[in-house]
Amino acid sequence: MSTPVPASDRPDGRPEVPPPPGGAPLRVNPARRLATAPAHLPIVDETSAGGLVLRAGPEDPEDFSAAVLLRRNRTGRLEWCLPKGHLEGRETPQEAAIREIREETGIRGSIQAELGVIDYWFTGEDRRVHKVVHHYLLRAEGGRLTVEDDPDGEAEDALWVRIDELAERLSYPNEQRLAAAALDLLESSRNLRDALRADAFPTERPDLP
């Protein structure tokens, strides 16, 4: 696990905050940080899981769509993101991914493949958090696309988005790369496409135009 560079090793006296791998550096207001936080914040590890739950298109079974959430960030901007959440109790990442996707999108799925892990840092008032998020590719097996049962009530809506349009829709670069990896995986694996088509069910919500 990465640790902050001691303040004495930095010319400006502030600990270094590592950027998320493959993402933009974390932006920290130096004046606010020095006024509200100690020089050395404790580091906390958090683990979450989620991913892409896919369904086959009703007309062309080789067309797949993923359930995506629409949320507003703290500034009020609408963001497109993948369903995910913290592990609970003694859950494995796989168990948490299935549960979180069901709670946040209403879709029951089964894991078909691993997609990748996103690893990043963020800073709060009293801690620095090292977050690791495991992502999986799931087959939609039932349910109704809705955010009504999300216990956290963070999402405004859930939509089906075609897998070949997903990278352009998602708001975060790391999730865009996961979507591109999922598309490559589908294009290269006939067995995976066949597994995703098995037991396909009709959705009650249309694809996003």
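Modeller: Two strands pair if DSSP finds at least two bridges between them; helices (H or I, at least four residues) and strands (E, at least two) are DSSP runs, numbered from the N terminus. This is a predicted model, where local features need pLDDT of at least 70, side-chain atom pairs count only at pLDDT 80 or more, and totals for chains, interfaces and linings use all residues. Numbering starts from 1 along each chain as its sequence is written, and side-chain values use heavy atoms, leaving out hydrogens and water.

Colleague: OK, in which sense do S1 and S2 pair?

Modeller: Antiparallel, with three bridges linking S1 to S2 (residues 64-72). Look for Arg55 opposite Ser65 of S2.

Colleague: And over how many bridges do S1 and S6 pair?

Modeller: Twelve: S1 (residues 43-56) and S6 (residues 128-143) have 12 bridges, in the parallel sense. Ser48 faces Val133 in S6.

Colleague: What stands opposite Ser48 in S4?

Modeller: His86. S4 (residues 84-86) runs antiparallel to S1, joined by three bridges.

Colleague: On to helices: at what angle do the axes of H4 and H5 cross?

Modeller: Axes are lines fitted to C-alpha atoms over the stretch in contact, with angles from 0 to 180 degrees between N-to-C directions. H4 (residues 173-188) and H5 (residues 190-197) cross at roughly 100 degrees, their axes coming within 5 Å. So they're roughly perpendicular (65 to 115 degrees; under 35 is roughly parallel, over 145 roughly antiparallel, the rest oblique).

Colleague: Which residues make the contact?

Modeller: Leu185, Leu186, Glu187 and Ser188 from H4, plus Arg190, Leu192, Arg193 and Leu196 from H5 (contact: heavy atoms within 4.5 Å). They split into four nonpolar, one polar and three charged (nonpolar: Ala, Val, Leu, Ile, Met, Phe, Trp, Tyr, Cys, Pro; charged: Asp, Glu, Lys, Arg; polar: the others, Gly among them).
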